[in-house]
Amino acid sequence: NVRILADEKEDVRRATKRIFQLCRELGITINESEDEASTPKQQYTYLGIAFDHSRKTVDITEKARTKIAAAAKVLEEESASTEEWVSLFSRCVWTSTILNIDRSEKYYVYKFCRRKLNGDNCETVKLWPSIRDIWKNWVSEVVNSFPRVVAPRLPKYTVYTDASLSGFGGVIFGEEGDTVIAGAWSMEEHINLLELKAVRRVLERWDVKGPVDVKVVMDSTSAIGQIRRGYARRFASNEEVKRLKKFLMHKGINISSIEYITSAMNPADKPSRIHN
């Protein structure tokens, strides 16, 4: 599967022509004519995802919805094979990623899958009764979802955050200037949870009007993974991920990427320690 993207239609045509030329030289056959492939399309399906560039949306296909609904029939059973549970779970995760559905709300479904669905376990596994409705609601949310609107180009900022045992700090770089934020903790928590809390605390104190696009940079691989996944394995961390996502939606902040930086290079390290 190949997809060629560009801002200008002529760039798509030029790139497509070059690819066909290279394939002919290498003796590779493409199951589509060059004229057909060279015509830029606004709506198409690629790797199971329905793209609509005219409306700026992405969606799952009707075929995908049908497969999820079929796989979800297993939720009517008390027990099923590991393969059946994993099949439904993986489809829910994949579609939720495409549609930007909040997965932190499904914490206990993740907990069930981690604890009970061992890859080497070929026996039937009994579903926890307490998560049946949560999982059914997840499936319903996916199957009945609307296309996801991809955010337009927004004002861009880079936000560095850091946490120490005494406080949190942030340094924000933008076109109109730089901002430094610092605050003290009133609680004693594990440093990994504090690193996660620091992101929300910094953004809460930032005086900005959304919508804006943000790249977050921090020195905690644990917090980075949790924010990227949209959920956390530990309950307290997952609750913080949920609070962060709700705040971002309310404030109109879109985290487009999150990256790692060493502590020695993190400009937010010093503001986080001013209360030591």
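These legends describe close-up views of a predicted model. Residues are numbered from 1 along each chain as its sequence is written. Local features need pLDDT of at least 70, side-chain atom pairs count only at pLDDT 80 or more, and totals for chains, interfaces and linings use all residues, while side-chain values use heavy atoms, with hydrogens and water left out.

**View 1. Strand β8 and its burial.** Seven of the eight residues of strand β8 (residues 167-174) are buried, so this strand is largely enclosed by the rest of the structure; buried means under 20% relative accessible area with a 1.4 Å probe and protein chains only, and strands are DSSP E runs of at least two residues, numbered from the N terminus.

**View 2. The partners of β8.** Strand β7 (residues 156-163) pairs with β8 in the antiparallel sense over six bridges, where pairing requires at least two DSSP bridges between the strands, and a hairpin of three residues joins β7 to β8. Ala 163 has Phe 168 of β8 as its bridge partner. On β9 (residues 177-184), which pairs with β8 in the antiparallel sense over eight bridges, Val 180 is the bridge partner of Val 171.

**View 3. Lining of the largest pocket.** The lining comprises 36 residues, of which Arg 3, Ile 4, Leu 5, Tyr 44 and His 53 lie nearest the centre of the pocket; a pocket is an open set of points on a 1 Å grid over the protein atoms alone where a 1.4 Å probe fits, with protein on both sides within 12 Å along at least five of seven lines, and lining residues have an atom within 4 Å of a point. The largest share of this lining, five residues, comes from α1.

Terms used:
Buried means under 20% relative accessible area, exposed over 50%, partly exposed in between (1.4 Å probe, protein chains only). Helices (H or I, at least four residues) and strands (E, at least two) are DSSP runs, numbered from the N terminus.
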